[in-house]
Amino acid sequence: MVKEIKIKDAAQLDRISRLAWDAPYEINLHTGAVSMDVRDITPTHMDDLVGRTVCLVAGDNADPIHFGCLVEQMEGNRKSRRTLRERMDAIINQMEPCYGWEIRLKRIQC
């Protein structure tokens, strides 16, 4: 998956790097001929990237909804949406209804 964002300042790059460390998959940053892991952004890279449009690329194992929310947080546009953690909790609750051992345990207890 690929998402483009505009880098406004060094604080945004710091936020991108911090959020990428919490992601359960790798996120790479591409701009022109430069390609790097977002977790490896150094102060020298920050000076070169401010004011540019970059592509954030997630691996094939990334959840598209999670990646979209993560990029919104990286851009700083989370005012209009729920936080990423709330969104992921809602997704997990939808994806993992009470199946299997939980239902069997309830049946045994009744």
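The following paragraphs walk through a predicted model of a protein chain, from its overall layout to a few single residues.

Because the model is predicted, local features are described only where pLDDT is at least 70 and side-chain atom pairs count only at pLDDT 80 or more, while totals for chains, interfaces and linings use all residues. Residues are numbered from 1 along each chain as its sequence is written, and side-chain values use heavy atoms, with hydrogens and water left out.

The protein chain holds 5 helices and 4 strands, where helices (H or I, at least four residues) and strands (E, at least two) are DSSP runs numbered from the N terminus. Followed along the sequence, these elements come in the pattern β-α-β-β-α-β-α-α-α. Of the 110 residues in the chain, 31% are buried; buried stands for under 20% relative accessible area, exposed for over 50%, and partly exposed for what lies in between, using a 1.4 Å probe and protein chains only.

Strands of a sheet pair through backbone hydrogen bonds, either parallel or antiparallel. Here 4 strands make an open sheet in the order β1-β4-β2-β3, with antiparallel pairing, and two strands are said to pair if DSSP finds at least two bridges between them. The edge strands, each pairing on one side only, are β1 and β3. On average, neighbouring strands of this sheet are turned by 25° against each other, direction ignored, where axes are lines fitted to C-alpha atoms, for helices over the stretch in contact, and angles run from 0 to 180 degrees between N-to-C directions. Helix α3 packs on the sheet, where it touches β1, β2 and β4, and its direction makes about 10° with that of β1.

Antiparallel pairing over 4 bridges joins β2 to β4, with L29 standing opposite L56 and I27 having A58 as its bridge partner. Strand β3 (residues 34-37) also pairs with β2 in the antiparallel sense over 4 bridges, and in this pairing H30 has S35 as its bridge partner. The strands β2 and β3 form a hairpin with 2 residues between them, and G32 in the turn has a positive phi of about 60°. The covered face of β2 consists of I27, L29 and T31, whereas N28 and H30 make up the uncovered one. T31 counts as buried because its relative accessible area is 6%, and, leaving aside residues up to four places away in sequence, T31 touches L49, R52, T53 and V54.

S17 is buried because its relative accessibility is 11%, and beyond its neighbours within four places in sequence, S17 is in contact with V38 and R39. In α3, the buried residues are H66, F67, G68, C69, L70, V71, Q73 and M74. After α3 comes G76, whose phi is positive, near 90°.

How do these parts meet in the interior? In soluble globular proteins, nonpolar side chains tend to be buried together. A nonpolar core is a set of buried Ala, Val, Leu, Ile, Met, Phe, Trp, Tyr and Cys residues joined through side-chain atoms within 4.5 Å. The largest such core has 23 residues, of which Y25, I27, L29, V38, L56 and M74 touch the most other members. Two or more residues are given to this core by each of α1 (10-22), β2 (27-31), α2 (43-49), β4 (53-58) and α3 (64-75). I27 touches A20, M36, D37, V38, L56, V57, F67, L70 and M74, again without counting residues up to four places away in sequence.

The structure holds 1 aromatic pair, formed by Y25 and F67 in an edge-to-face arrangement, 6.4 Å centre to centre and with 65° between the planes. Rings of Phe, Tyr and Trp (its six-membered ring) pair if their centres lie within 6.5 Å, and planes under 30 degrees apart count as stacked, over 60 as edge-to-face and the rest as tilted. This pair links distant parts of the chain, since Y25 lies in the loop between α1 and β2 and F67 in helix α3, 42 residues apart. Both Y25 and F67 are buried.

Key: Contact means heavy atoms within 4.5 Å.
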